[in-house]
Amino acid sequence: MNCKAVQARLSAYLDKELPGNEHTAVRAHVFDCASCREEMDSLATIKQMLGRCAAPEPAECFEERLIANVMRQVEPPRKHWNFQFRPAFTFAGIAACSMVATLLVLQFVLKADSAPVTQTTPDRSIAFDIQRDQIYSVGTDPMGGIPVINVQSDPNR
Ligand SMILES: [Zn+2]
């Protein structure tokens, strides 16, 4: 390996990024070549100094701008987005409407099945019949007047 090839690989050599055979060849050349060894030492000094520097903080809006740029590249703006999205919106709308209709029908059916049966009307009717029969059997109006039976006054008939 000549000096040019070695000096092109010095940074990778110092970072231990070279494959095993290249790493060995660079190390052997630097051991024998004073010029490349001097180049390697200065490069190592620069790397140490840079390593001591604090990494600069990104700007406040860097993350938002980065995400926006990535999203712009991942999803380029569509010219006919309305036409391309319409089938999806239509499907979603139909699905939502059918679900609501199903829930309404189910609610109606379940409510009709579980509604308690009220028997107030027949009971009141029977009570009226009993009262009328008692008035007939006594033969007088409880209020002392003539027995008056007004069947039409029963609101449930
Ligand atoms: Zn050399």
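Predicted model: local features only at pLDDT ≥ 70, side-chain atom pairs only at ≥ 80, totals over all residues.
The secondary structure of the protein comes to seven helices and zero strands, where helices (H or I, at least four residues) and strands (E, at least two) are DSSP runs, numbered from the N terminus. Of the 157 residues of the protein, 11% count as buried; buried here means under 20% relative accessible area, exposed means over 50%, and partly exposed lies in between, with a 1.4 Å probe and protein chains only.

Now to α3 itself. At 1.5 Å a residue, its 13 residues, 20-32, should span 18 Å, and the end C-alpha atoms are 19 Å apart, which agrees; the expected span is 1.5 Å times one less than the number of residues.

Which residues of α3 are buried? They are Val26, His29 and Val30. These residues cover an arc of only 100° around the axis, which puts them on the same side of α3, the arc being that of the directions from the helix axis to the C-beta atoms. The face turned away from that buried side carries the exposed residues Gly20, Asn21, Phe31 and Asp32.

His29 counts as buried at 16% relative accessibility. Leaving aside residues up to four places away in sequence, His29 touches Met1, Asn2, Cys3, Val6 and Cys36, where contact means heavy atoms within 4.5 Å. What covers the buried residues of α3 includes α1 (3-8), α2 (10-14) and α4 (34-52).

Let us turn to α4. The axes of α3 and α4 come within 6 Å and cross at roughly 110°; axes are lines fitted to C-alpha atoms, for helices over the stretch in contact, and angles run from 0 to 180 degrees between N-to-C directions. That makes α3 roughly perpendicular to α4, a term that covers angles of 65 to 115 degrees, while those under 35 count as roughly parallel, those over 145 as roughly antiparallel and the rest as oblique. In this contact, His29, Val30, Phe31 and Asp32 in α3 meet Ala34, Cys36, Arg37 and Met40 in α4.

Note on methods:
Residues numbered from 1 in each chain as written. Heavy atoms only, no water.
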